[in-house]
Amino acid sequence: MTMEIMEGSIAIAETVRLCRPQVISAYPITPQTHIVEGLASIVADGRLDAEYICVESEFSALSACIGASAAGSRVYSATTSQGLALMAEVVFNSAGMRLPIVMGIANRAISAPLSIWNDQQDSIMMRDSGWIQLYAEDNQEAIDMHILAYKVCEDHNILLPAFVCFDGFILSHVYEPVDLPSQELVDSFLGPFKPYQKLDAKDPISFGMYATPEYYLEFRYEHDQAVHRAAEAIKKYGKEFGELFGRDYSELVVGYKLEDAETAIVAMGSICGTVKDAIDEMRAEGKKVGLLNLRCFRPFPSTDLAKALAHVNTIAVLDKNVSLGAKGAVAIEIKEACYGSNIPVYDYILGLGGRDVRKKDIKKIVELAEKGEGDMFYGLREEVL
């Protein structure tokens, strides 16, 4: 293993290069820009034999990916926040057409009001689009998940697109050591892209055609079943990835000091690193607290999650998003997964728009959960309300 200190975005760009996409189409937007700048340089320098398509918007970027994927090419794009919102129609189209597109999401808040800082509202708003959604805790996971996503998406039993989500600025712009795999290892894991079907003038087919009420329901059912099947595919290929690269991704949920925990914190993304540090300090004080890191939000691993949390007394969910008028999206899913268990699940909406979440905040949330106080926007500044 050779570790190299790299900016997260550049590490992702280099990893995408190793995956050998044949077409890249993206539109720059903060904090995703360094990824597509890096890929543009890689293609221009002749380090990747790919077509880099410059477009006028994010809508066009993903539209170009649809065309390229349907024509039989491995493709890549990246976006964030308002860019993902502008893509919304095409996000649903690409999933419904069952195209194995991989797209990096540098998570950022959605306006209005305008914010360029991190939360996870952007990818969460697309939770019903039919894309696989993976969430990275650190930059090593971000690059590994890109490789894994291609393997899962291109499985002919799956054929779905995937978001690889990593927190904007917190990961995209931070420099940290990563193990960038060799081209030989990535090639042996992925192999060349073999499309299930593609546009061919000699054997014409159509993608995304009109569906009358007699057929539409069945299309949606088959799509839903593919998303469910993706859970086992992630586990299977995550294990194979571990055997080849030394880092195992066969679990959709990962515990930290959870075995004997009385209070469990559930979170996803880079906040898990802060939570682990807070847990270490609370453990030193004699508090039995653990973390369940949710690596995969779609498909949602309800059974795995319920099993991992079955022994705890209290669950505190950290949501860096909010389904306005309801709760945080993760907490809603957790409560459904744990239905009937009688374990209280408390939701804490926090970190929106890039608000710092510190170890002291994690400790305070544990105190609140253990007292039965939850389902709140944590850290509100009363003086500005």
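**Close-up views of a predicted model**

**View 1. Helices α7 and α8 pack side by side in contact.** The axes of helix α7 (residues 139-153) and helix α8 (residues 183-190) come within 10 Å and cross at roughly 25°. Axes are lines fitted to C-alpha atoms, for helices over the stretch in contact, and angles run from 0 to 180 degrees between N-to-C directions. The two helices are therefore roughly parallel to each other (angles under 35 degrees count as roughly parallel). Ile147, Leu148, Tyr150 and Lys151 of α7 meet Val186, Phe189 and Leu190 of α8, where contact means heavy atoms within 4.5 Å. By class, this contact has 6 nonpolar, no polar and 1 charged residues. Ala, Val, Leu, Ile, Met, Phe, Trp, Tyr, Cys and Pro count as nonpolar, Asp, Glu, Lys and Arg as charged, and the others, Gly among them, as polar.

The model is predicted: local features need pLDDT of at least 70, side-chain atom pairs count only at pLDDT 80 or more, and totals for chains, interfaces and linings use all residues. Residues are numbered from 1 along each chain as its sequence is written, and side-chain values use heavy atoms, with hydrogens and water left out.

**View 2. Strand β13 (residues 314-319) is largely enclosed by the rest of the structure, because 6 of its 6 residues are buried.** Buried means under 20% relative accessible area (1.4 Å probe, protein chains only). Thr314, Ala316 and Leu318 point one way from β13, while Ile315, Val317 and Asp319 point the other way. Strand β10 (residues 263-267) pairs with β13 in the parallel sense over 4 bridges, and alanine 264 stands opposite isoleucine 315. Strand β14 (residues 345-349) also pairs with β13 in the parallel sense, over 5 bridges; here isoleucine 315 stands opposite valine 345. Two strands pair if DSSP finds at least two bridges between them. Helices (H or I, at least four residues) and strands (E, at least two) are DSSP runs, numbered from the N terminus.

**View 3. Seven strands form an open sheet with mixed pairing, in the order β3-β2-β4-β5-β7-β6-β12.** β3 (51-54) and β12 (296-298) stand at the edges, each with a single partner strand, so one side of each has no neighbour in the sheet. Strand β5 (residues 102-107) runs parallel to strand β7 (residues 162-167), joined by 6 bridges. Isoleucine 105 stands opposite cysteine 165 in β7.

**View 4. Serine 77 lies in strand β4 (residues 75-79).** Serine 77 counts as buried because its relative accessibility is 0%.

Technical notes:
Buried means under 20% relative accessible area, exposed over 50%, partly exposed in between (1.4 Å probe, protein chains only). Angles under 35 degrees count as roughly parallel, over 145 as roughly antiparallel, 65 to 115 as roughly perpendicular and the rest as oblique.
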